[in-house]
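Here is a walk through one model, helix by helix. Please keep the sequence and the structure open beside the text.

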Amino acid sequence: MIVLEGKSLAKRYEQQSTVIHALRGVDFRLESGEILGVAGESGSGKSTLLKLISGLEAPSAGSILLHGKELSPRRTKEEYRTMQMIFQNAPASFHPRRTIADSITESVRSLRGRNAPLDLASLADRVGLQRELMDRTPRQLSGGQCQRMAIARAMAVEPEILLCDEITSALDVSSQAQILHLLAGICRESHTSAIFVSHDLAVIRCLCDRVMIMRDGALVEEGPAAQVIRQPREAYTKKLVDSVLEIKN
Amino acid sequence: MKKRIKTPERIRRRAIVFLALAGILVVISLIAPLICPNDPYATSAADMNRAPCAQFPFGTDRYGRCVCSRVLMGARTSIFSAVALVGLTFLAGSVLGLLAGWYGGVVDTLIMRLADVMLAFPQMVLAIAVAGILGGGMGNAMLAMGISGWTLYARLARAQVLSLKEEPYVHAARLSGCSGWTIMIKSLLPNMLGPLLVTAATQIGVMMIGIAGLSFLGIGVIEPQAEWGSMINTSRAYLQLAPWAVLAPAVATIITVMIFNYLGDCVRDVLEAKEAET
């Protein structure tokens with residue numbers, strides 16, 4: 001079943017006399033329980049795509065459909081709840097002067113109502129951290145701990161779709177593995193769909209069911225992650241895969 | 001000469017000293033009527049232009065009024081008008097800058113073009129024009145200074161908002177369904193206050209000189225109300241005969257402005273040190 005769909009999505013940024021085409025008519029679909037990877041070089045439009053999907057920015061053209069219903073640029077709280085974003089810079093995604101618990105509580109109360117049940121202890125347990133850590137500010141936690149807290153905040157409102165924007169790129173290898181393992185487990189357990197943006201094809205191959213390869217704001221290739229990375233059809237994808245393998249070798 | 005390094009301890013000590021001095025000034029201005037050695041408004045032909053003595057510690061002016069008592073009462077007018085003016089311009093400018101930065105578009109254009117118009121005139125010239133049209137009095141002098149004073153905070157607040165609104169925690173707040181007002185009050189305001197407070201602290205001295213300047217020109221407070229600028233203006237014609245009547249309010253102005261300026265610097269240093277620590 002298709003949960004989320006994008007049709008001819010385009011985004012233009014106009015700066016004085018120059019026009020930057022960040023996205024050029026991208027189509028995508030996300031199935032229920034699926035993890036869709038989005039890969040490409042810097043400036044390929046991966047993060048812009050997530051901004052449009054999340055509602056942080058409005059598309060210049062095209063439409064986004066949630067369960068077949070077109071989303072307007074002014075989202076309802078229920079639509080925000082359905083799609084939760086996890087940011088690349090997790091410590092910066094929490095209010096610098098408030099505790100993690102405060103940030104999570106505010107998010108839950110805003111999206112699920114003031115009387116919504118919230119068990120911070122079980123939430124912390126779910127992401128493999130102690131409840132006490134939630135009483136700290138983001139600056140008092142490590143990058144990996146903050147990323148787990150960001151996952152906890154997203155999961156606290158029981159979303160249907162997680163939007164992950166390069167969530168492991170700022171972490172060390174060990175923390176990356178733990179976060180990926182945690183995310184895969186959570187998506188599997190709660191049957192949550194996810195769009196996972198990354199420039200790391202190895203990570204995408206491990207985690208994602210399908211992958212979209214993007215270049216200069218356009219979709220280059222799409223298909224099952226393992227197949228696209230093992231046997232790329234397009235020359236650009238092949239070059240991208242080869243460049244990763246070259247570095248690894 | 002060996003330069004002293006600003007250690008957090010030294011910054012803290014300096015801040016405490018200047019905060020205490022500013023506190024003393026505020027307390028003096030509050031209890032001025034209780035500690036005045038004489039009636040600041042009582043005139044006496046027999047005591048005209050008297051040199052400092054036991055009865056009149058700073059001498060008397062050309063109307064025989066006690067300069068010391070008038071300096072103490074003038075502190076109340078000068079300090080409180082400057083603090084109130086800074087408070088009001090800080091509030092108005094910060095709110096307008098916050099709205100301009102957050103909403104952008106027409107709101108931003110309207111507010112910032114209005115600020116540009118205000119900034120096109122030199123502040124003192126605009127203040128003289130406004131005070132000249134509206135007439136004398138402390139209220140009008142404050143309005144004259146405040147009419148362009150808010151622009152400083154508005155521009156600073158707008159710049160802060162434009163930078164902060166791209167922070168991931170503000171994006172996260174938006175995706176948490178928080179309204180614009182909630183984000184402005186809970187996420188933006190607490191994180192943009194530092195630079196605004198530093199500016200406000202340094203502006204107290206500037207406003208004090210501005211109001212004293214208007215009073216000196218005769219378009220600020222109305223005689224016989226005690227105010228340092230008007231005291232200097234009243235006595236300047238008798239500078240050679242009774243220099244104390246000019247020197248006392250002038251020195252009081254200089255000391256007060258210096259203390260508030262140093263306090264502003266201390267607030268900036270403390271906030272910078274705090275930022276560096278975290």
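Start in chain B. Helix α5 (residues 123-134) of chain B packs against helix α8 (residues 180-216) of chain B at an angle of about 50 degrees, and their axes lie 11 Å apart. Axes are lines fitted to C-alpha atoms, for helices over the stretch in contact, and angles run from 0 to 180 degrees between N-to-C directions. α5(B) and α8(B) are therefore oblique to each other; angles under 35 degrees count as roughly parallel, over 145 as roughly antiparallel, 65 to 115 as roughly perpendicular and the rest as oblique. The crossing of α5(B) and α8(B) is right-handed. A crossing is right-handed if the near helix is turned clockwise from the far one by less than a right angle, and left-handed if anticlockwise. From α5(B), B:Met124, B:Ala127 and B:Ala131 make the contact; from α8(B), B:Gly210, B:Gly213 and B:Leu214 do. Contact requires C-beta atoms, placed from the backbone, within 7 Å. By class, four of these residues are nonpolar, two polar and none charged. Ala, Val, Leu, Ile, Met, Phe, Trp, Tyr, Cys and Pro count as nonpolar, Asp, Glu, Lys and Arg as charged, and the others, Gly among them, as polar.

This is a predicted model: local features need pLDDT of at least 70, side-chain atom pairs count only at pLDDT 80 or more, and totals for chains, interfaces and linings use all residues. Residues are numbered from 1 along each chain as its sequence is written, while chains are lettered from A and ligands numbered from 1 in the order in which they are written. Helices (H or I, at least four residues) and strands (E, at least two) are DSSP runs, numbered from the N terminus.

Helix α3 (residues 67-103) of chain B meets helix α4 (residues 105-120) of chain B at about 145 degrees, with axes 7 Å apart. The crossing of α3(B) and α4(B) is left-handed. Among the contact residues are B:Leu96 and B:Leu99 of α3(B) and B:Ile111 and B:Met112 of α4(B).

Why is helix α9 (residues 228-235) of chain B largely enclosed by the rest of the structure? Eight of its eight residues are buried, so α9(B) is largely enclosed. Buried means 20 or more other C-beta atoms within 10 Å, exposed 12 or fewer, and partly exposed in between, with C-beta atoms placed from the backbone.

Now turn to the chain contact. Chain A gives 19 residues and chain B 14. On the chain A side, α3(A) gives the most, with four residues.

Key:
Contact = placed C-beta atoms within 7 Å.
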